[in-house]
Amino acid sequence: MELGTGQFAQSLPHLRALVLGCDFLGFDMEFTGLHSVFPQGKQPSLFDSPAEWYLKARRSVQKFTVNQLGLSIFSNEKSNKYVARCYNFFLFPTTFGVMDSEFSFQASSIQFLTHYGFDYNKMWSSILSCTEDVRPCVGVGSLGTQIRKWFLKDGIPYMNQVQEKKLQQGLLAGNWKVRSTLDKDKVKKVIDDVTCWVPSAEEGDSMVLHNISGFQLFEIQLILRQAIPDVWTEPFGDQKVMVKKPVVGHNMLMDLLHLHDKFYKPLPESYEEFKRNIHSLFPVLIDTKNVTKSIWKEFQFPRASNLLEIYEILCSDLNPTNPTCPVIAHASDCSKYADKKSPHEAAYDAFLCGSVLLKLAHLLLGSDTLENGPSFSQYLSALTKYLNQVNLIRAGVSKINFSGTDVPSQRPPLLIASVRGWPGVDEEQIYQILKALCKFDVRRLTENQFLLLSNKFKDVRVVLRDYKAHPNLRISLYHHWRHSPQVNCLLQICGIVASWSLLAFVFGGSQWYAM
């Protein structure tokens with residue numbers, strides 16, 4: 001089911017009920033861009049600590065926005081049968097009163113999503129206003145486009161808590177204006193209806209306005225309160241529900257960053273504060289990317305490069321005739337994906353996340369101990385060691401632990417490249433030379449020495465073999481006590497001090513003997 005601003009308010013009570021009654025949620029997002037254009041040498045790197053990586057990712061998240069959110073709501077109907085209800089939410093930032101967001105589009109992201117069938121025509125079909133300009137983003141090599149001050153009819157508006165507070169302060173101060181999503185005829189009819197009712201109304205009387213939903217409800221209230229000061233308005237059925245359910249994603253760190261920034265609060269500067277906030281909002285997170293990386297070799301599965309391939313491998317590996325295997329069906333009112341693959345559509349990827357989770361948990365639990373099919377709580381128990389561990393693609397650690405201390409990663413050893421007869425060489429030149437063979441992150445150590453890091457042991461073995469005796473670029477294992485400039489400096493100082501001490505002893509001793 002696809003939901004925009006016109007259907008969201010009407011569907012929300014049903015969605016809340018489904019979430020309250022479900023066992024877990026599959027989750028995915030699509031963005032207008034993924035990574036900002038970084039200055040040379042400042043890109044995310046294997047040399048980054050988690051905190052350093054976070055600050056770089058924070059910059060990208062602040063620049064782009066979410067255009068689609070997918071939920072797949074999984075419920076255990078009976079025994080080993082699960083029913084999935086999938087929803088795509090088309091989103092667009094709130095543009096109202098003092099609220100006005102700026103964001104960028106990254107051409108590569110748009111091209112990627114369009115290739116996989118993302119319907120931008122549906123998202124952009126009804127632009128109601130487009131003031132000021134459309135202009136290229138500022139930045140070297142940027143391919144994005146920045147759209148300022150516009151509003152899309154079908155995108156569900158949203159804001160975070162800080163934006164909400166800013167809007168409330170503006171409203172209380174009387175400092176607001178409406179760029180309305182309502183057409184003028186509808187506004188005029190509402191005002192006419194209320195104006196005709198007011199003369200005959202007594203204190204305490206009320207009337208109900210129909211066919212108004214979503215953000216229009218808020219706009220109509222502001223218009224009426226300003227146009228007719230003697231009346232007061234209030235919405236019906238304003239309930240808030242706080243749910244804490246297991247949330248499942250695949251390589252979901254960027255999704256969590258955007259969730260925090262767009263719907264909760266702007267991302268803090270502190271990495272640890274970000275971790276605490278996410279864990280408070282979502283106490284049970286499961287990243288299927290992290291789980292598959294941990295167990296893939298153990299079960300000797302073929303290599304998979306994306307979520308759909310992982311799903312298909314697991315579907316073929318698990319015997320469908322085994323009565324204990326999880327059986328996953330689409331709800332009758334959400335059957336779009338029953339016979340259609342839609343990779344990189346948010347709701348479909350959310351469905352894949354949830355399905356992969358069940359199949360992985362079944363493998364981990366082991367068929368020998370199962371008789372009538374496991375409960376979801378048993379599946380969660382099998383996944384205990386992976387809870388709140390979210391994959392981190394390119395940094396000094398391989399995953400982030402949202403419920404504790406990050407664990408150092410087991411990655412290939414650090415290498416050192418020593419350059420001879422190549423004045424003025426920099427990190428980019430070293431990177432380009434090695435790129436044809438394998439991919440390394442490069443960081444300068446001294447004028448003629450560079451540190452190399454890879455996340456593949458195979459690449460390390462290749463360069464150690466091919467560059468062991470190279471005339472201009474020799475690569476070897478890095479040893480701290482041998483190669484560290486700080487250690488070498490300290491040893492030189494100690495050597496100087498020792499030499500002077502020896503000289504003082506020799507000459508001082510000679511004078512003593514002479515006396």
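At what angle do helix α8 and α9 pack, and how far apart are their axes? Helix α8 (residues 253–264) meets α9 at an angle of about 85°, and the two axes are 11 Å apart. The model is predicted. Its chain has 515 residues, of which 43% are buried, and its secondary structure amounts to 17 helices and 19 strands.

**Overall fold**

- Of the contacts in the chain between residues at least 6 apart in sequence, 71% link residues at least 24 apart.

**Helices α8 and α9**

- The packing angle of about 85° between α8 and α9 makes the two helices roughly perpendicular.
- On the α8 side, the contact is formed by L253, L256, L257, H260 and Y264.
- On the α9 side, F274, N277, I278 and L281 take part.
- Sorted by class, this contact of α8 with α9 contains seven nonpolar residues, two polar residues and no charged residues.

**Lysine K275 in α9**

- K275 belongs to helix α9, which covers residues 271–281.
- With a relative accessible area of 4%, K275 is buried, because the cut-off for buried is under 20%.
- A polar atom of the K275 side chain lies 3.0 Å from the backbone oxygen of N401.
- Apart from its neighbours within four places in sequence, K275 is in contact with I400, N401, F402, G404 and D406.

**Helix α11**

- Helix α11 spans residues 307–317, and its buried residues include L307, L308, I310, Y311, I313 and L314.
- At the start of α11, the backbone nitrogen of L308 has a side-chain oxygen of N306 within 3.2 Å.

**Cysteines**

- A search of the whole structure turns up zero disulfides.
- A disulfide is a covalent bond that joins the sulfur atoms of two cysteines.
- For C86, the closest cysteine sulfur is that of C334, at 6.7 Å. This is too far for a bond, because a disulfide requires two cysteine sulfur atoms within 2.5 Å.
- C86 is buried, at a relative accessible area of 2%.
- C325 also counts as buried, with 7% relative accessibility.

Definitions and conventions: Residues are numbered from 1 along each chain as its sequence is written. This is a predicted model: local features need pLDDT of at least 70, side-chain atom pairs count only at pLDDT 80 or more; totals for chains, interfaces and linings use all residues. Side-chain values use heavy atoms; hydrogens and water are left out. Buried means under 20% relative accessible area, exposed over 50%, partly exposed in between (1.4 Å probe, protein chains only). Helices (H or I, at least four residues) and strands (E, at least two) are DSSP runs, numbered from the N terminus. A polar contact is a pair of N or O atoms within 3.5 Å; within protein, one must be able to donate a hydrogen and the other to accept it, and residues adjacent in sequence count only if both atoms are side-chain atoms. Contact means heavy atoms within 4.5 Å. Axes are lines fitted to C-alpha atoms, for helices over the stretch in contact, and angles run from 0 to 180 degrees between N-to-C directions. Angles under 35 degrees count as roughly parallel, over 145 as roughly antiparallel, 65 to 115 as roughly perpendicular and the rest as oblique. Ala, Val, Leu, Ile, Met, Phe, Trp, Tyr, Cys and Pro count as nonpolar, Asp, Glu, Lys and Arg as charged, and the others, Gly among them, as polar.
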